[in-house]
Amino acid sequence: MTRLIMTAASSSAGGVVSAGHADLAVPIELRMVWGPPRSDAELTAFLAARTSQPSESHWLDSVPPPRLEQFGMNGLGLIEACAHCQTVELWMETEPNAQLVLIWLLDYLGPQAKTLNIILRHVDACLVETGPVRLAGLKFPGVAVNDHHLEIARLAWQAFRAQTPHAWFELLGRDLSVLPQLRRCVLEMLEELPGRATGLGASELRILELISAGYVHPFEVFPHFKQRFQRRVFDYWEAGALLDWLALAPSPAVSGLAEWPFTPQMHNEAERYERYKKSRLSLTALGKAILAGTEDFSRHNPIDRWWGGTRLTNERLWRWDPVLLVP
């Protein structure tokens, strides 16, 4: 019988298999922190048995078919696959996107998670950075999924999908300790709402801070420099899109971007990619004023983006203050 582990990233999945913790690891790589929310029908189809789902729209698409065939899992839905395995464990790391994937999976599984004897591992380290040799010796605490896990996951998932961030904010008044990383996720996601004074989320503001501090090339202000960037919500591609917007908005906060948009196509064209890397960024007058707390990006530029199930526009711009959520 198969030992199955689910993670939120391919690199993490490879690490737990190399470390001997699983026979098969499946990464659930949906990005929940970016873009419009997928419909309930799309999410259900993603975890259902394979029928006519498009490429990259099924939970097993990241695993090579021969490996799935080796374990008799090719084309199975999530619930059928869990029933097929000897053990099933959720190894979701501490980053917000991984925690959102966790509450979604628990909400989807519901009471069946208990009958399937699914184990939740409290992972508090970066699986990729740990490395297979050290990871092989680590023992993360594990607990069988119970009604309390399911209740908190259901409330949190519904709150994140709601049309306003109010219910998500109210999670801070609940005991979330049964999912140890969830409270931090709630706060970090709230911080990515437009700031009450600046009109920018925490990651956008951090990009401006780093440029002001003398980091003038695009990749110097990206989140893969974790200690420098400090924010954990967005990934490489999302950070590139944020920088594009700061530099290309009608009233930009950043100048000097020599190439755009930040897409795979640009990466595949050597000359464009080199121009992008060599860009010398600086703050515009607006960018400097935003950092000084005297200007608001949203007063000069159109806002139309998604935060969970909330569509943020200039007319309905929920803002975050360190302890306050205001419409």
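In which sense do strand β1 and β2 pair, and over how many bridges? Strand β1, residues 3-7, pairs with β2 in the parallel sense, and four bridges join the two. The model is a predicted one.

**The sheet**

β1 and β2 belong to an open sheet of five strands with mixed pairing, and its order is β2-β1-β3-β4-β5. At the edges stand β2 (24-27) and β5 (142-144), each of which pairs on one side only. From one strand to the next, the twist averages 25 degrees. In general, strands of a sheet pair through backbone hydrogen bonds, in either a parallel or an antiparallel way.

Helix α1, made of residues 10-18, lies across β1 and β2. Helix α1 runs at about 170 degrees to β2.

**The cavity**

When the whole structure is searched, one cavity of 30 Å³ or more is found. The largest cavity has a volume of about 110 Å³. Its lining consists of 13 residues, and those nearest the centre of the cavity are M32, P36, P37, R38 and R161. Helix α9 (residues 147-161) gives the largest share of this lining, with three residues. The lining divides by residue class as follows.

| Class of lining residue | Number of residues |
|---|---|
| Nonpolar | seven residues |
| Polar | three residues |

Key. Residues numbered from 1 in each chain as written. Predicted model: local features only at pLDDT ≥ 70, side-chain atom pairs only at ≥ 80, totals over all residues. Heavy atoms only, no water. 1 Å grid on protein atoms, 1.4 Å probe; cavity = no way out; pocket = protein on both sides within 12 Å on 5 of 7 lines; lining within 4 Å. Points joined across faces, edges and corners; volume = space filled by probe spheres on them. Nonpolar A, V, L, I, M, F, W, Y, C, P; charged D, E, K, R; others polar. Pairing = 2+ DSSP bridges. Axes fitted to C-alpha atoms, helices over the stretch in contact; angles between N-to-C directions. Contact = heavy atoms within 4.5 Å.
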